[in-house]
Amino acid sequence: MVQKVGNFCLKNNGGFVVKLQFVYWDDNGNKVHVDGTAGYDVLQTECRTPGQSGVPDGSLVSLYAFVVWGSDNTANQIFIYDSSSTVTANYTISGTTLNNDLVLNSVQ
């Protein structure tokens, strides 16, 4: 069963600037990439609801880490976006621009 979440947080432990973005699947099964936060530096955390980026309520959604001047990273986990949910998926990205790891720390 796919878990419902209302919010995503991404901590930047990497040696680069990152943007928290999303991918979601529309009613036709198409994967849609949407923008998110502005870029932020190492040791900072940003949080965002998918709805703030235009993801429709009830969509399947994953976190997308846009690595400025590097290799982007899409989370392996898929959730259902529920705008009424207080559950947050917490991620950390680390490494370098071209070799980074995106890890799900908790869903609470």
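Strand β6 is joined to β7 by two bridges, and the two strands run antiparallel; here strands are DSSP runs of E of at least two residues, numbered from the N terminus, and two strands are taken to pair if DSSP finds at least two bridges between them. The model is predicted, so that local features need pLDDT of at least 70 and side-chain atom pairs count only at pLDDT 80 or more, whereas totals for chains, interfaces and linings use all residues. Residues are numbered from 1 along each chain as its sequence is written, and side-chain values use heavy atoms, with hydrogens and water left out.

Six of the eight residues of β6 are buried, where buried means under 20% relative accessible area, exposed over 50%, and partly exposed in between (1.4 Å probe, protein chains only).

The hairpin formed by β6 and β7 has five residues between the strands, and Trp69 in the turn has a positive phi of about 60 degrees, although Trp69 is not a glycine. Trp69 is exposed, at 82% relative accessibility. A positive phi, near 70 degrees, is also found at Leu43, a residue other than glycine, which is placed in the loop between β4 (31-34) and β5 (45-48). Leu43 is exposed, with a relative accessible area of 65%.

Methods: Helices (H or I, at least four residues) and strands (E, at least two) are DSSP runs, numbered from the N terminus.
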